[in-house]
Protein chains: 2
Amino acid sequence: MTEIVRENFEQKFPDIVKDIKSSTFVSIDTEFSGLLSSDDFKSSLFDSPQERYLKQRENISDVLLLQFGLTTFIFDREKNTYSSKSYCFYLFPHTFGSIDVRFKCQASSLEFLCHHKFDFNKFVYNGVSFLNEIQDAKAQQELKDGHLLRLVERALSHEDEESVQALCSQVSIWLAGGKPEATATEKTMVLEVPKSSQSSQCIAYVVHHELRRRFSVIWTVPEEGNIRVMKVSPTERTMMERSLTNEAEMQNAVLLSLRGFSRVFKLLVELKKPIIAHNCTLDFMIMHKQFYKPLPKSYQAFKSNINNLFPVIYDTKYMSSEFKKSVRRADAWTSNTLPDLFRYFTLGKGFQLVAYSPVIDSEDYDNEEKKKFHDAGWDSYCAGICFIRMAHFYGALAMGRLSLARPFTSTEHLAFSSHLSNRINIIRGNLSHFVMDGPDPPSHRPEVMIVKRRDGGRVHLDELTERFSKHGSVDVKLVSDKLALVAVSTKGMLQDICREYYKHPEYAVVKYNRIHHDPFWWTASWCSLVLLATLSGFFMYRALHR
Amino acid sequence: MTEIVRENFEQKFPDIVKDIKSSTFVSIDTEFSGLLSSDDFKSSLFDSPQERYLKQRENISDVLLLQFGLTTFIFDREKNTYSSKSYCFYLFPHTFGSIDVRFKCQASSLEFLCHHKFDFNKFVYNGVSFLNEIQDAKAQQELKDGHLLRLVERALSHEDEESVQALCSQVSIWLAGGKPEATATEKTMVLEVPKSSQSSQCIAYVVHHELRRRFSVIWTVPEEGNIRVMKVSPTERTMMERSLTNEAEMQNAVLLSLRGFSRVFKLLVELKKPIIAHNCTLDFMIMHKQFYKPLPKSYQAFKSNINNLFPVIYDTKYMSSEFKKSVRRADAWTSNTLPDLFRYFTLGKGFQLVAYSPVIDSEDYDNEEKKKFHDAGWDSYCAGICFIRMAHFYGALAMGRLSLARPFTSTEHLAFSSHLSNRINIIRGNLSHFVMDGPDPPSHRPEVMIVKRRDGGRVHLDELTERFSKHGSVDVKLVSDKLALVAVSTKGMLQDICREYYKHPEYAVVKYNRIHHDPFWWTASWCSLVLLATLSGFFMYRALHR
């Protein structure tokens, strides 16, 4: 796994481009600075996709994606082998001009990152910059308006300023006939800009301007990140000043360094390689916000944006739920968190399900030290592995006995699982998944139940939640003081609860579609009117807002 | 300087208490995760104290104080020496139960901390916990409700859980007659709780409960952070269970570890030692929010709260402005940022102004490495030094020739500068300082100017700002499309501008109190009515809201 930080980003960028370009597909993973902006936006079994999207949008409005894992997979048909390359990017929002990002950290999220040995110094000191399209346009505008120099100067630290001064004084020594540190002829010299600094591009930019301002007998041109200084005649100087190429080149260098990781993002968008990720609703939402544009208010607009950017996405969490339905119970996984799923497909039963399963070759993870779950690089690798195993399984399922004749190609792997593409898992919602390239499926969640006390007394959220929780995962919502809705995650639970509360002395529990037939609910006519109105209103509202 | 992190907090706490108790006064400094929540709340020369307070309150609503510097000064009269002790606390808001703090980071603030070599890993991994009074009450309530065990368990990491299991299995081995790792007799054994873990108190708490639940023949008691396990008879066990002391003791240990730095804050509040700080509006606002209570909406309530908590505060920034008025121009400082002021008072002219200036003895800063500005520990030390030099100067000023007779006592130092206490500097406001223990002084800022174009055309914010900025620090505010107010920081600037724009061809500029007498403003009667109404409204509003 190659760790990508500001220091080595430019150097490694060509490799990254090459790996993405030649890959069959890529897998990704991300780490965040927080998850819930407040407890008001917790997920609930009542949530429709639209509601969930809006809740999450609110939750992540200030959250930062601070680590991005990317693994590229290249298939070798001869050897039936996928070879992988993993990258782990640390990201930090560098300031520039009027761009000064504020982001929210959640104490529990940082503690979570601590448990997985996240390096916060690497993040702040050496994180790669990025810009979304709005920020990019702003930076370009500020460059065009000529604000750049002032802004860049302001962004320099004291040490950076010292570097600027040191470089300029090399030139005065040279002009005065002395011998500067760098090798220099009589006509020209090259100033080496310190590359270790986080802001070498900015330093170079300021030095160019400062030298030209101070000395009228020279001109400067950028040269591989350094600065070439040349003695020129007044006529040459005037000519140089009229040409804008050099200025544009320097501005471009600053812009490129600010864009940083966004260039990788743009490449993914451009090449439209299939993208694999595990349980990736939030990942794509934050990517949209951080590298593309602020999240739209409309859920449909979000889906269509993501579908335009990345037309083929596989969520291994969703795939694994479908996968489970296709294998014998004894052979299936018992938990589909990423670590458990990865173990299942590499060490457990999942590995041996089908013949000719491709070999996966990874130099990047040659020792155990590097295999840290919740490191975005490793997690992206794991998601990719799970995908290959499942895609291979679906290939075998589709081809039947023919699958024993020869290994599949990577094109076949993608084709055989294409019915699972663009479905993204929803945690604890009234749907199990979003469909990114079409309308969402109808809800298969069990019906909602209605609960009230038989003595007509008040019902309490906490008490009901505790009462029903022993059957499994539930969410309770008060419609009024005396009436609650209960959503459960499985049909089994629904049956259990209905059975337990059939003729219960304290509580009346009924499925929503039974309410019209159950005489208990219609004893008091006033009460029934209110009830009917409330519930109709509630369901109508939801139907309209879905 | 002693760095205080979670690991050594408990061990060092008694020293800290002793040092604060025996000090004459303490000086403090803080570092933040951000400064401006958005550009909407920038400081302006128009701001009244109330307006400034509300802006800052908005700005820091989610900001975290992540480093707190504290220096204690003890006076030795015989030796005319202050001896100092400096502490630098890293603070991180640990999660507990429903307490899960979200805080905002500003990219430029983190970059600023980078320039000063702040260790972000130390902050997150090893920061000391804290609770304000609201959180404290919440934690106590959750403890009282018996939620603690569940909450603590949930907070444990996987490694912590492994520690819990390992400790419990030592006890089962012991009970089964085997030899556990720890030394144990037949009747009793001590389990060593790993102290290196960030959550050893939580582990201990869970282990107590887990052991008691699993084994009915034992009882556990806390013993210096470890756990003593004793074999007991059923009668003894029942008796133990009835006594609540142990449970209370354990809960208390958890609570103490959660309070962490708030115990130091409480001590400062309790002992009411004079507190020295440099330019400390924000420091006190964030301290109020983070260790005491959310900031009140009323500026007066804030002042009275701070005055109750800390009845004697000295702001060395404010003091230095007053100081400058009392010395010859040639002898005065040229910049009163903390580093410059410190240099002035230790190496520059400020050191030699008065005889008998006390010696300051600091073992903590015996080498240059430790003297890092914007490390809260070092900055607090510097503020203290500046205070002593200025207090001594005021002593000499008050005593005249008598000051040559003998050194002053520390009581005299405080007494001679008491007229400067509880005045806190305001940056770029319409007042120069807040008065914490009384009404704020009337504004001495120059009058506001009114600007319009002579041709009655539109005025533009950016253009006017640039136009007047060449005279110094200005703020421009549009009252309407065609009318602007301009505030400047000094009377000299006001004169310069009025002189330059006297009979200016494009712009008419007039001081606010002149407007009634200047015929130009009253040429168009309709226009003048609107102007008068607008301005009266504006100044009336401000007068009422001050």
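The model is predicted. Chain A can be laid on chain B with an RMSD of 0.1 Å, and the two copies are thus related as by a two-fold rotation axis.

**Largest cavity**

- The model has four cavities of 30 Å³ or more.
- The largest cavity holds about 110 Å³ of space.
- From chain A, its lining takes F103(A), C105(A), L110(A), F120(A), F123(A) and V124(A).
- From chain B, the lining takes L66(B), C105(B), L110(B), F120(B), F123(B) and V124(B).
- Two or more lining residues come from each of β5 (102–106) of chain A, α4 (120–126) of chain A and α4 (120–126) of chain B.

**Second largest cavity**

- The second largest cavity has about 60 Å³ of space.
- Its lining consists of F323(A), F345(A), G350(A), F351(A), L353(A), V354(A), S357(A), R389(A), H392(A) and F393(A).
- Helix α16 (residues 376–399) of chain A gives the largest share of this lining, with three residues.
- By class, the lining of the second largest cavity divides into six nonpolar, three polar and one charged residues.

**Relation of the two chains**

- The superposition of chain A on chain B takes a turn of 180° and a shift of 0.0 Å along the axis.
- A two-fold rotation axis therefore describes how the two copies are related.
- K104(A) has the C-alpha nearest the axis in chain A, at 2.1 Å from it.

**Helix α16 of chain B**

- Helix α16 (residues 376–399) of chain B is built of 24 residues.
- From first C-alpha to last, α16 of chain B reaches 34 Å, close to the 34 Å expected at 1.5 Å a residue.
- Of the 24 residues in α16(B), 21 are buried, and the helix is mostly covered.
- At the N-terminal end, D375(B) caps α16(B), with a side-chain oxygen 2.9 Å from the backbone nitrogen of G377(B).

**Helix α8 in chains B and A**

- In chain B, helix α8 (residues 200–214) has 15 residues and a reach of 21 Å from its first C-alpha to its last, close to the 21 Å expected at 1.5 Å a residue.
- Mostly covered, α8(B) has 11 of its 15 residues buried.
- The buried residues of α8(B) are S200(B), C202(B), I203(B), A204(B), Y205(B), V206(B), V207(B), H208(B), E210(B), L211(B) and R212(B).
- In chain A, helix α8 (residues 200–214) contains E210(A).
- E210(A) has a relative accessible area of 13%, under the 20% cut-off, and therefore counts as buried.
- The side chain of E210(A) makes a polar contact of 2.8 Å with that of R213(A).
- E210(A) and F68(A) are 142 residues apart along the chain, and 37 Å separates their C-alpha atoms.

**A buried serine in a loop**

- S129(A) is placed in the loop between α4 and α5 (133–144) of chain A.
- With a relative accessibility of 4%, S129(A) is buried.
- The S129(A) side chain reaches the backbone oxygen of L258(A) at 2.6 Å.

- Most residues other than glycine have a negative phi.
- K117(A), a residue other than glycine, has a positive phi near 60°.
- K117(A) sits in the loop between α3 (107–115) and α4 of chain A.
- The relative accessibility of K117(A) is 51%, over the 50% cut-off, so K117(A) counts as exposed.
- N422(B), also a residue other than glycine, has a positive phi near 60°.
- The loop between α17 (410–416) and β12 (423–425) of chain B holds N422(B).
- N422(B) is buried, because its relative accessible area is 2% and buried means under 20%.

Conventions:
Residues numbered from 1 in each chain as written. Chains lettered and ligands numbered in written order. Predicted model: local features only at pLDDT ≥ 70, side-chain atom pairs only at ≥ 80, totals over all residues. Heavy atoms only, no water. 1 Å grid on protein atoms, 1.4 Å probe; cavity = no way out; pocket = protein on both sides within 12 Å on 5 of 7 lines; lining within 4 Å. Points joined across faces, edges and corners; volume = space filled by probe spheres on them. Helix = DSSP H or I, 4+ residues; strand = E, 2+ residues; numbered from the N terminus. Nonpolar A, V, L, I, M, F, W, Y, C, P; charged D, E, K, R; others polar. Expected span 1.5 Å × (residues − 1). Buried < 20%, exposed > 50% of the residue type's maximum accessible area, 1.4 Å probe, protein only. Polar contact = N/O pair within 3.5 Å; in protein donor to acceptor, adjacent residues only side chain to side chain. Least-squares fit on C-alpha atoms with pLDDT ≥ 70 in both.
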